[in-house]
Amino acid sequence: SGQMYLSTSEGLVQIWDLQKSKEAPAECVRTNAGAVFQVLPFDNLLLYATQSGDVHAHDPRSGKEAWCMRGNPAGGLLKSLAVDSASALWLITGTLEGNFAVWDVRFQVEVHRWQHPSCCSIDKLSVVPSNQAFGRGRVYAAAGTNEVGRWDVATGKCDHVFQVNSSQGGEDHSRLPLALRPEADAASAIRDFGKKSLQTTPHLSPGFHAMLPFSDGTLLSGGTDCRIRLWDGSQPDKSYVVCGPQINEAGVRTGRDASGSTKYAPRTYNGVRILQELRKPDVSIGSMVEDAINTKHATHRDCIRDLAIVQAGRRLLLSGSRDGSIKCWV
């Protein structure tokens, strides 16, 4: 579309039309609802979520606000927002306290709310493409350390989990994914009156902070360990690390994942499919991040915050990290 959107912690949204001017924004939208943390195009509108917990819809054609959906402050600080672009009927928000809220865009009302069993922060949301056989009304949610769950927005139930094993050298069947733990385990964290929102520092929590789902059921993820992974739940043996720091079998550090350094083990728990990435012994998250810092060009050196596919003669993968670097992968 030739447009770019920028948001600031001062509550300013800038709309840039790159086909007309690259020196000044075409329009500026200012809100008094606090910092703007996410901006998304939605149908003919521009959605942006604010620190106060509200979701605003701006109409660039009229230059006015089309509508605003007021969030419930008791649900916690908003952390993520995703829209169903295919139907343009609903959107979903996630909070620091682990609350999901589904909104009907036609009537601007909340239609369903549930909480993550472990009450952990919903760091990223991405709607599953609805042309998938299982995709209608489902969303990927990155919550907890290196864990993504696929949730049914109608029932609030998780039906698939992608997880990086934090232990060394083997499968850890004793540790359930956070998305599947009994709600009783999180009883002490429920209804803490938002203390987590007040005490949280601006640092990113370890885990996934970028996701890109595809119509064939696969998912690309990126996060604080500086790695991009392709997850294939239907064919686990086709899952792999696209790029990122790793140590090969000889103990030599390399900028890209060495062959055989990871494998993907599927299993089920109470009917929920789990796909777990396993690392070889002595390959820790800390060593991978250190390797990324020492690798000049082959990998990202900071948390991966966004992923996108572009067509430029051929299909390319773009990845952007917190330090401002953008990389293109063939």
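Predicted model: local features only at pLDDT ≥ 70, side-chain atom pairs only at ≥ 80, totals over all residues.
The points below cover the loops, the overall figures, the strand pairing, the nonpolar cores and the cysteines.

**Loop residues with positive phi**

- Glutamine 108 sits in the loop that links strand 10 to strand 11 (109-115).
- Although glutamine 108 is not a glycine, its phi is positive, at about 55 degrees.
- For comparison, most residues other than glycine have a negative phi.
- Alanine 88 also has a positive phi, near 55 degrees, and is a residue other than glycine.
- The loop between strand 8 (78-83) and strand 9 contains alanine 88.
- Alanine 88 has a relative accessible area of 23%, so it counts as partly exposed; the limit for buried is under 20%.

**Overall figures**

- The protein has an accessible surface of about 16,000 Å², and carbon and sulfur atoms account for 50% of it.
- Of the contacts between residues at least 6 apart in sequence, 44% are between residues at least 24 apart.

**Strand 23 and its partners**

- Strand 23 covers residues 272-279, and seven of its eight residues are buried.
- Strand 22 (residues 262-269) runs antiparallel to strand 23 and is joined to it by eight bridges.
- Within this pairing, glutamine 276 of strand 23 stands opposite alanine 265.
- Strands 22 and 23 make a hairpin, with two residues between them.
- Asparagine 270, in the turn of that hairpin, has a positive phi of about 50 degrees.
- Strand 23 also pairs with strand 15 (residues 157-164), in the parallel sense and over five bridges.
- Arginine 273 in strand 23 is the bridge partner of histidine 160.
- In general, strands of a sheet pair through backbone hydrogen bonds, either parallel or antiparallel.

**Strands 12 and 13**

- Strand 12 spans residues 122-127, and six of its six residues are buried.
- Strand 12 runs antiparallel to strand 13 (residues 138-143), with five bridges between the two.
- Serine 126 has tyrosine 140, in strand 13, as its bridge partner.

**Nonpolar cores**

- The largest nonpolar core has 22 residues, and the members that touch the most others are Ile92, Phe100, Leu125 and Trp151.
- At least two residues of this core come from each of strand 9 (90-95), strand 10 (99-104), strand 12, strand 13, strand 15 and strand 23.
- Another core, of 16 residues, lies apart from this one and includes Leu40, Phe42, Val55 and Leu81.
- Leaving out residues up to four places away in sequence, the contacts of tryptophan 151 include Phe100, Trp114, His116, Pro117 and Val139.
- Also among the residues that tryptophan 151 touches are Arg138, Ala141, Lys157, Cys158 and Ala179.

- Four strands form an open sheet in the order 16-17-18-19, and their pairing is antiparallel.
- Strand 16 (208-213) and strand 19 (240-243) each have a single partner strand, so one side of each has no neighbour in the sheet.
- Direction ignored, neighbouring strands in this sheet are turned by 25 degrees against each other on average.
- Five bridges hold the antiparallel pairing of strand 16 with strand 17 (residues 218-223).
- Alanine 210 has glycine 222, in strand 17, as its bridge partner.

**Cysteines**

- With a disulfide taken as two cysteine sulfur atoms within 2.5 Å, the count is zero.
- Cysteine 120 is in no disulfide, because the nearest cysteine sulfur, that of cysteine 119, is 7.9 Å away and the cut-off is 2.5 Å.
- Cysteine 120 is buried, with a relative accessible area of 13%.
- Cysteine 28, with a relative accessible area of 45%, is partly exposed.

Notes: Residues numbered from 1 in each chain as written. Heavy atoms only, no water. Contact = heavy atoms within 4.5 Å. Areas by Shrake-Rupley, 256 points an atom, 1.4 Å probe, with all protein chains shown as cover. Buried < 20%, exposed > 50% of the residue type's maximum accessible area, 1.4 Å probe, protein only. Pairing = 2+ DSSP bridges. Core = buried A, V, L, I, M, F, W, Y, C linked by side-chain atoms within 4.5 Å. Axes fitted to C-alpha atoms, helices over the stretch in contact; angles between N-to-C directions.
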